[in-house]
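Here is a short briefing on one protein chain. Look over the sequence and the model first, then read on.

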Amino acid sequence: MRVLQGNLHRSRVANDLLSQLILEKQIDLLILSEYYRDRDGPNWFPDFLETTAIWVPNTNVLVKGHGRSRGIVWVNASDTIFVSCYFSPNVNIADFQNQLDNLEDIILTLGYSRIILAGDFHAKSVEWGMPATDVRGFRILEMAARTGLVVSNVVSAPTFRRPGYGQTIPDVTFSSEGLAGRITDWRVIEDYTGSDHQYITFSLIGSRMSRIVPTRVSGWNASRLSAESLSLAIDEGKETVLSLAGSTTDIVDATMSLIARGCDAAMPRKRSLGRNRRSAYWWTEDIANLRRVCLRLRRKVTRGRRRGVWFPKL
């Protein structure tokens with residue numbers, strides 16, 4: 001099962017782009033914060049405050065139950081309980097603790113041996129890549145320890161990037177200890193989202209689905225290769241691979257994953273789409289080209305800032 005986690009920040013553009021991301025990333029289930037509006041259909045599950053939701057667009061995923069509270073919603077899908085939450089940065093610590101206590105009660109009631117908890121916590125902790133742990137982060141970690149949850153974030157890639165506000169990691173993924181080994185390919189994607197948050201994707205292996213219709217992937221369309229985009233993507237990730245400490249197999253896997261990400265950034269995939277994998281009706285090749293240009297320029301700016309290069313504001 002492929003999962004996407006992200007904060008749309010009430011953006012209409014982010015809402016419109018979501019359907020295309022579902023197609024391209026082959027997403028089965030979404031964990032969303034600050035969504036733009038409700039989605040039609042039976043597999044849309046919002047909380048009472050309409051600040052967070054879980055969406056299961058793949059009708060082959062079996063949903064056995066669901067529930068919600070204020071800022072919290074949960075769905076039992078394919079024998080795993082997914083919990084989505086949103087913690088506002090504007091509440092005092094007492095209100096924050098009340099919502100956190102409510103979240104802990106829900107997890108304990110559901111049976112926390114097969115939980116994936118994800119959302120925007122607006123908290124800092126070294127456990128998910130921040131340089132220090134604040135009060136909210138400390139209390140979240142205490143709750144996680146009591147409920148047997150572990151942090152699934154595997155890199156310190158920021159998920160919130162707004163010019164003039166710095167870069168932080170408010171979006172965190174937790175899982176039960178028994179599920180931790182089944183979460184693979186956790187990453188912060190670099191696609192343009194239309195939000196000031198970058199989304200997280202990961203796979204949950206071994207999850208049971210009622211029926212799976214595979215999408216055949218036959219590689220990339222090399223005739224539309226952007227050599228510059230490929231070079232930028234490889235340069236951006238090679239330091240992580242070169243500094244990796246592990247077995248030969250780990251290093252080979254990381255290298256192949258980097259090459260695949262570079263190919264995804266530099267050229268479109270050749271894909272045979274099934275009935276449920278059609279492009280959004282408004283998606284065109286011109287839009288796809290503009291997104292590739294946007295991503296290439298953003299990477300150039302990011303690399304320049306790391307090297308101390310100043311870019312004027314547009």
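Two strands pair if DSSP finds at least two bridges between them. Helices (H or I, at least four residues) and strands (E, at least two) are DSSP runs, numbered from the N terminus. This is a predicted model: local features need pLDDT of at least 70, side-chain atom pairs count only at pLDDT 80 or more, and totals for chains, interfaces and linings use all residues. Residues are numbered from 1 along each chain as its sequence is written, and side-chain values use heavy atoms, with hydrogens and water left out.

**The whole chain**
- The protein chain holds 7 helices and 16 strands.
- It has 314 residues, and 47% of them count as buried (under 20% relative accessible area; exposed is over 50%, partly exposed in between; 1.4 Å probe, protein chains only).
- Take contacts (heavy atoms within 4.5 Å) between residues at least 6 apart in sequence: 66% join residues at least 24 apart.

- 6 strands form an open sheet in the order 5-6-7-8-12-9, with mixed pairing.
- Strand 5 and strand 9 stand at the edges with a single partner strand each, so one side of each has no neighbour in the sheet.
- From one strand to the next, the twist averages 20° (axes are lines fitted to C-alpha atoms, for helices over the stretch in contact; angles run from 0 to 180 degrees between N-to-C directions).
- Strands of a sheet pair through backbone hydrogen bonds, either parallel or antiparallel.
- Strand 8 and strand 12 (residues 171-176) run antiparallel, joined by 5 bridges.
- Leu117 stands opposite Phe174 in strand 12.

**Helix 2**
- Helix 2 (residues 93-110) has 18 residues, which should span 26 Å at 1.5 Å a residue (the expected span is 1.5 Å times one less than the number of residues).
- Its end C-alpha atoms are 26 Å apart, which agrees.
- At its start, a side-chain oxygen of Asn92 reaches to within 3.1 Å of the backbone nitrogen of Ala94.
- Just after helix 2, Gly111 takes a positive phi of about 90°.
- The helix lies across strands 5, 6, 7, 8 and 9, at about 20° to strand 6.
- Its buried residues include Phe96, Leu100, Leu103 and Ile107.
- Among the partners of the buried residues of helix 2 is helix 3 (135-147).

**Arg70**
- Arg70 sits in the loop between strand 5 and strand 6.
- Arg70 is exposed, with a relative accessible area of 56%.
- Leaving aside neighbours within four places in sequence, Arg70 is in contact with Asp47, Phe48, Leu49 and Gln99.

Conventions. A polar contact is a pair of N or O atoms within 3.5 Å; within protein, one must be able to donate a hydrogen and the other to accept it, and residues adjacent in sequence count only if both atoms are side-chain atoms.
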